[in-house]
Amino acid sequence: QRVAVIERQWIGGSCPNIACLPSKNLIHSAKVASYFFRSQEFGISKDSVKIDMAAVRARKRQMVDDLADVHLANFKSSGAELIMGCGRFVGAKTLEVTSAEGQSRLLRGKIIVLSTGSRAAVDDTPGLAEANPLTHIEALELDHIPEHLLILGGGYIGLEFAQAMRRFGSRVTLVERNQRLAHREDEDVSQALLELCQGEGIEVLTGARVSRVEGKSGQSVRLHGSGIDLQGSHLLVASGRLPNTKGIGLEAAGVELTERGHVKVNERLETTAPGVWAVGDCAGSPHFTHAAFDDFRIVRDNLAGGQRVTTGRQMPFCLYTDPELARVGLSETEAKAQGIPYRLSKIPMTSALRTRTLSETRG
């Protein structure tokens with residue numbers, strides 16, 4: 001079929017450009033840095049260690065450029081037309097695309113798939129937006145080591161950046177509004193993550209709500225709240241995601257949204273407008289690249305006459321702290337809440353003797 005892809009900025013999407021892969025690139029550089037700082041533990045003496053964040057960034061940028069080339073080659077070989085610009089509905093199955101130069105183009109399609117993703121949420125806490133905080137996008141572009149990084153949010157993004165930046169040499173304070181880190185996970189998992197942070201020298205505040213922010217991230221920033229008075233050099237916001245569904249004319253296409261702002265879809269990922277589908281973060285799917293890719297498989301097969309659905313999927317995920325946290329299916333907490341009988345087995349990593357050869361016995 002004749003296919004056009006409208007892309008505003010990131011060829012290949014967020015994963016290879018500003019999210020999954022760049023963050024893992026940074027995390028691996030931080031892992032290497034941690035080995036240098038621990039060198040005496042392995043019987044290796046080194047007089048001094050210097051982190052060159054500009055070089056860390058350059059390595060990440062090179063990887064991103066290479067991946068963009070891969071995606072461009074895929075577009076070329078498939079015959080799909082890549083159109084760079086901002087798209088918005090102006091009617092049923094009709095899109096207007098405006099390029100960066102201001103040129104516009106009208107497109108009509110029998111089938112339209114929405115895959116606009118999500119963005120970091122910056123809430124309306126007084127002074128927060130004015131502080132120009134980092135999100136994961138800007139944090140991945142730092143060419144220097146923050147003296148004292150304050151992180152709002154003890155979820156996946158906050159935890160990964162906290163450990164990485166601490167290993168590069170930053171002082172890091174993690175501020176979580178819930179009573180424990182990764183609060184949707186089992187309590188013993190949250191406790192293990194807390195111990196991991198404390199073992200790395202990361203300051204953790206839980207049950208902490210920020211009521212006011214002063215200053216500018218990158219210069220000096222201060223957080224105020226109940227029992228909170230923190231000052232740092234940089235502020236990273238990692239407290240949730242918002243779907244990219246505003247300002248793209250969905251109402252003109254008859255596409256409805258949920259109360260949380262996601263595109264409303266059924267189990268086949270069909271929207272409320274005939275012939276319009278939605279996949280990934282914007283459709284409220286779990287915010288993982290592999291979830292969006294499975295959404296693609298569902299839409300692809302249904303367009304070919306299949307009956308695939310999103311219900312009943314077993315969703316794996318991995319949090320790239322060191323050591324990593326991975327899970328698939330129900331957690332113990334979820335099984336309890338649903339009244340599902342289960343059997344529990346626990347094995348400390350120290351029981352795996354291989355971890356002793358690596359000096360990696362945590363977990």
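Predicted model: local features only at pLDDT ≥ 70, side-chain atom pairs only at ≥ 80, totals over all residues.
Residues are numbered from 1 along each chain as its sequence is written. Local features need pLDDT of at least 70, side-chain atom pairs count only at pLDDT 80 or more, totals for chains, interfaces and linings use all residues, and side-chain values use heavy atoms, with hydrogens and water left out.

Let's start with the charged pairs. The structure holds 26 salt bridges, a salt bridge being a side-chain nitrogen of Lys or Arg within 4 Å of a carboxyl oxygen of Asp or Glu. Here are some of them:

| Pair | N to O distance |
|---|---|
| Asp-322 and Lys-31 | 2.8 Å |
| Arg-61 and Glu-141 | 2.4 Å |
| Asp-188 and Lys-346 | 3.0 Å |

Asp-188 sits in helix α6 and Lys-346 in the loop between α9 and α10, so this pair ties together parts 158 residues apart in sequence. (Helices are DSSP runs of H or I, at least four residues, and strands are E runs of at least two, numbered from the N terminus.) Lys-346 is exposed at 57% relative accessible area, while Asp-188 is partly exposed at 34%; buried means under 20%, exposed over 50%, and partly exposed in between, using a 1.4 Å probe and protein chains only.
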